[in-house]
Amino acid sequence: IEQSGLRTLLAIERYRGEFGRLPASLDERVPVFIEHVPKDPWADDAPLLYRRDDSALGYVLYGVGDDTEDNQAARPEANRGRTQAARALQGAAPGADYVITR
């Protein structure tokens, strides 16, 4: 999920660079910037989740994590960065998602 997530982040940024805006959906980047929308292994192979928001990046890209529920990109309370994301993957953070960041 880390590798496919990073490829997806790069594709989103390439799209932004070329068109001057964020894609409305991940499907908008296929097949020019990425071959297919990556699957979230914790969501019965549904695609990774993406939505535009008012954050510094202007969007959030995430998977549901080990609890298999879409928690709207909620992150674990404690810790930051990679350690925080790993907790969501390992089931140590119910109610949190695996948010893919730069």
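Does Val99 count as buried or exposed, and at what relative accessibility?

Modeller: The structure is a predicted model, and what follows is computed from its atoms. Val99 has a relative accessibility of 9%; because the cut-off for burial is under 20%, Val99 counts as buried.

Val99 lies in strand β5, which spans residues 98-100. The protein as a whole has two helices and five strands, in the order α-β-β-β-β-α-β from the N terminus. Of its 102 residues, 39% count as buried. Among contacts between residues at least 6 apart in sequence, 48% join residues at least 24 apart. One separation in space that involves Val99 can be given: Val99 and Gly65 are 34 residues apart in sequence, while their C-alpha atoms are 8.7 Å apart.

The surroundings of Val99 can be listed directly. Apart from neighbours within four places in sequence, Val99 is in contact with Val60, Leu61, Tyr62, Ala73 and Arg75. One of these, Ala73, lies in the loop between β4 and α2. Ala73 has a positive phi of about 70 degrees, although it is not a glycine. With a relative accessible area of 13%, Ala73 is buried. Gln72 is also placed in the loop between β4 and α2, and its phi is near 60 degrees, again a positive value in a residue other than glycine. Gln72, however, counts as partly exposed, at 47% relative accessibility.

Strand β4 comprises residues 59-63, and it pairs with β5 in the antiparallel sense over three bridges. Within this pairing, Leu61 has Ile100 of β5 as its bridge partner. Five of the five residues of β4 are buried, so the strand is largely enclosed by the rest of the structure. The cover extends to both faces: Tyr59, Leu61 and Gly63 are buried on one side, and Val60 and Tyr62 on the other.

β4 also pairs with strand β3, residues 49-52; the two run antiparallel and are joined by four bridges. In this pairing Arg51 stands opposite Val60. β3 and β4 form a hairpin with six residues between them, and Gly58 in the turn has a positive phi of about 90 degrees.

In soluble globular proteins, nonpolar side chains tend to be buried together.

Ser4, Gly5, Thr8, Leu9, Ala11, Ile12 and Tyr15 of α1 are buried. They cover an arc of only 160 degrees around the axis, which puts them on the same side of α1. An α-helix has 3.6 residues a turn, so residues three or four places apart point the same way. On the other side of α1, Gln3, Leu10, Gly17 and Glu18 are exposed. The cover over the buried residues of α1 includes β3, β4 and β5; the strand that holds Val99 is therefore part of what covers α1, by the assignment of strands used here.

In summary, Val99 is a buried residue of β5, and β5 pairs with the strand β4, which is itself largely enclosed.

Methods
Residues are numbered from 1 along each chain as its sequence is written. This is a predicted model: local features need pLDDT of at least 70, side-chain atom pairs count only at pLDDT 80 or more; totals for chains, interfaces and linings use all residues. Side-chain values use heavy atoms; hydrogens and water are left out. Buried means under 20% relative accessible area, exposed over 50%, partly exposed in between (1.4 Å probe, protein chains only). Contact means heavy atoms within 4.5 Å. Two strands pair if DSSP finds at least two bridges between them. The arc is that of the directions from the helix axis to the C-beta atoms.
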